[in-house]
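Welcome! Please take a moment to look over the model below before reading on.

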Amino acid sequence: MFQRIKRSPKLRWLLIIMAAIFAVFILFYFSIYFGVFGEIPSTQNLKDLKQNQATQVLSSDGDLIGKYYIFDRQPVTSNQIPKHLKNALVATEDARFYEHNGIDSRSLLRVFFKSLMLQDRSSGGGSTLTLQLAKNLYGRKDYGYFGIVINKFQESIIASRLEEIYDKEEILTLYLNTVPFSDNTFGIESAAMKFFNKSTKNLSLEESAVLIGMLKANHSYNPRIFPEKSRFRRDVVFQQMEKYGYLTEEQMQQAKQSDIKLDYQYYNHDQGLAPYFREQLRKDVTDILDTLKNKDGGSFNIYRDGLIIHTTLNSKMQEYAEASVNSHMSKLQQSHEQSYGTRAPWLTNKTLILDAVKRTKSYKKLNKEGLSDDEILVELDKNPRERELFNYGKEELVKGTTLDSIKHYLKFLNTGFLAVEPSTGAVKAWVGGVDFESFKYDHISQSKRQVGSTFKPIVYTAALENGIPPCSYFSIREVTYQDGWTPSNSGPTEDDPDMNYNMKYALSNSINTIAVKVLMETGVGNVISQAEKMGIESKLPQVPSIALGTAEISLKELAKAYTGFANNGRSSEPYYISRIEDGKGNLLVEFKPKTQNKAAYSETTREIMIEIMKATVNEGTATRLRSTYGLQNDIAGKTGTTQSNKDGWFVGLTPELLAVTWVGADDHRIGFRNTSIGQGANSALPIFALFLQKINEDPNFGAISNARFGNPSAEVVSLMDCEASEKDGFFDKLFGKSDKKRDRENDDKKKKGFFNKLFGKKKKNQ
């Protein structure tokens, strides 16, 4: 043999090449084994899988509203899994499961040589259940061109360790508790509850086969979307079970005759109640845990340590808030789309559409391949297929392209709704958007938008604090300010430029021209200073237009600014974590309300502002709270609409509850088609109204429903005792002021003198 090798250079070179390949293979494998491409879970880590406990999130009323975990997907034990379900899984996914040690060596070699040596990216398959379990537990990372090989080898090492630690029944159970099913559902128990509304232990043979069948392709074999495909795949499962002796021929044929009968539950364990809130909570708690040490001196892990997070959220209020958002936004969306018709910007504006396309992974992939923007648009408009698209609980199965899907989601309005307890800032309800699965962007924790007229109460508060009496009259006439800016009004008052109004009427009816004049009289600097005292942290531009809410502010900031009106002038910081405990109930960290020690304004100013904002509800822009929704609560509030109807706002304040609502499109270039649809009273106010209706109907919230603002003091009643309007008439100009008008101005001077004595004479910053 050796002589033959010596005499044959070709054979010698072939052996050298084979030896080199084998050496590369060994070196490559051991580089993975020793963690060059990332740490591999140790045997001890894998032993601890059973000890991992999900962290629980509790509402203030004691309900479980969420969990954070690695493998806890509503887990079931081995004896709760029917034998026919286990048989179906083994027969379909890994027929030699009870014979091998967790690794299919031939499969690994095929992946190595095809992927690494022959550059065949399509190689794969042959995974055992243990290898799949390793993938389910730890996922796969992107290692570039060699990713499939590295991930496969990592999974093989983990699989070998799993087989050493656990017996076959335990591995099978772990697999079924971690495997993903259709509709973003994880674990057999969640899947059984979602598709058949029953526990795993009660699944029939036919139902088990449907669930196991969808594992091959979660979307394609989803029985809700593709019943015929699902039935075909289910029958394949029966055939596999018959092939490997788990069913007789007769049992198989009989099982095939049955229809698929779903009892689908529109609930997702990973979504559930308050998904936006829970995602923000996860981020915050992870940061908090980094600052704490466990008994061993290490860091706590939110996914493994079985912690208990107590929040301020009220589960019933959250439920009412989400129902109110869904009810109103689904109707508003219809009006929004109908108002645009076929000329909608999400259908016709190429720049808008292209910008949306550029945010997708598909665009980035094609752009990396060298395609131009126009070529990418053409490419994304090819190959239509059936897609399930969000549509407010009536998910649509439509045939369309990737571009069609992008346009579909571009059209949706979104919202943010935050309800807090004014006295403490404790968050009671948090809705960050219309659908967490479709729109991950949280409009409470991540968004800042122009706040429109909801900023006006801050302007008027500053005016009162700077000595301007509430019965001061301001002309409604338009004025041009710096840079040629001329604010105007909407509504019937725009036709009467000679009318003067007092501050109560002007704010409750949201008159723009007067708001700017009040700001200029008060001083831009004084208004900004007042806003900061009330809790606004965003940078405010020193321009007259801030009177109309052109500054971008978050919902939480706006909520904080308004809490003082129901809390003796002291603003409360919104907070939502009360304490975190370990699994045994030992306190790890506790959080208390953060309320300003010093009032941001006087009690007199607070009472005046409450009366003015009550007028907004009783006789101003928010009267539909009374007329349409029949609410009899004590409510103060303010509507807001930004330029070109881009944003709709409403702030509703009761003595015990404050709620801030924003509505608009995620892309600020898409506004409402007209003011009747987009104004805050129509777009945002109804969410608050529906929410408060539900609160009123629940006897558990009687303390909120029946709460009343205190009566204003005699001084405040006196200060606000004046006509809503007066007119600069022709005869006044010709003959001088009337006795009545002169008397009123004298009264104003007396009241202004009272304010100067009360607050001290303040220099106005113009």
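This is a predicted model: local features need pLDDT of at least 70, side-chain atom pairs count only at pLDDT 80 or more; totals for chains, interfaces and linings use all residues.

Residues are numbered from 1 along each chain as its sequence is written, and side-chain values use heavy atoms, with hydrogens and water left out.

**The whole protein**

The protein has 33 helices and 21 strands; these are DSSP runs numbered from the N terminus, helices being H or I with at least four residues and strands E with at least two. Of its 766 residues, 52% are buried, meaning under 20% relative accessible area, while exposed is over 50% and partly exposed lies in between (1.4 Å probe, protein chains only). Among contacts (heavy atoms within 4.5 Å) with a separation of 6 or more, 71% join residues 24 or more positions apart.

**The disulfide**

A disulfide here is a pair of cysteine sulfur atoms within 2.5 Å, and the count is 1 disulfide. C471 and C722 form the link, S to S 1.9 Å. The two cysteines are 251 residues apart and tie together distant parts of the chain. The link of C471 and C722 is left-handed, with -90 degrees about the S-S bond. Here are the two partners:

**A pocket**

Which residues lie nearest the centre of the second largest pocket? They are S453, S490, S510, N512 and T641, from a lining of 36 residues. On a 1 Å grid over the protein atoms alone, a pocket is an open set of points where a 1.4 Å probe fits, with protein on both sides within 12 Å along at least five of seven lines, and lining residues have an atom within 4 Å of a point. Strand β18 (636-641) and helix α28 (680-683) each give two or more residues to this lining, and β18 has the largest share, 3 residues.

**Helix α16**

In helix α16 (residues 350-358), the buried residues include L352, I353, L354, A356 and V357. Among the elements covering the buried residues of α16 are α15 (345-348), α17 (361-368), α18 (373-380) and α19 (402-410). At the start of α16, a side-chain oxygen of N349 comes to within 3.1 Å of the backbone nitrogen of T351.

How values were computed:
A polar contact is a pair of N or O atoms within 3.5 Å; within protein, one must be able to donate a hydrogen and the other to accept it, and residues adjacent in sequence count only if both atoms are side-chain atoms.
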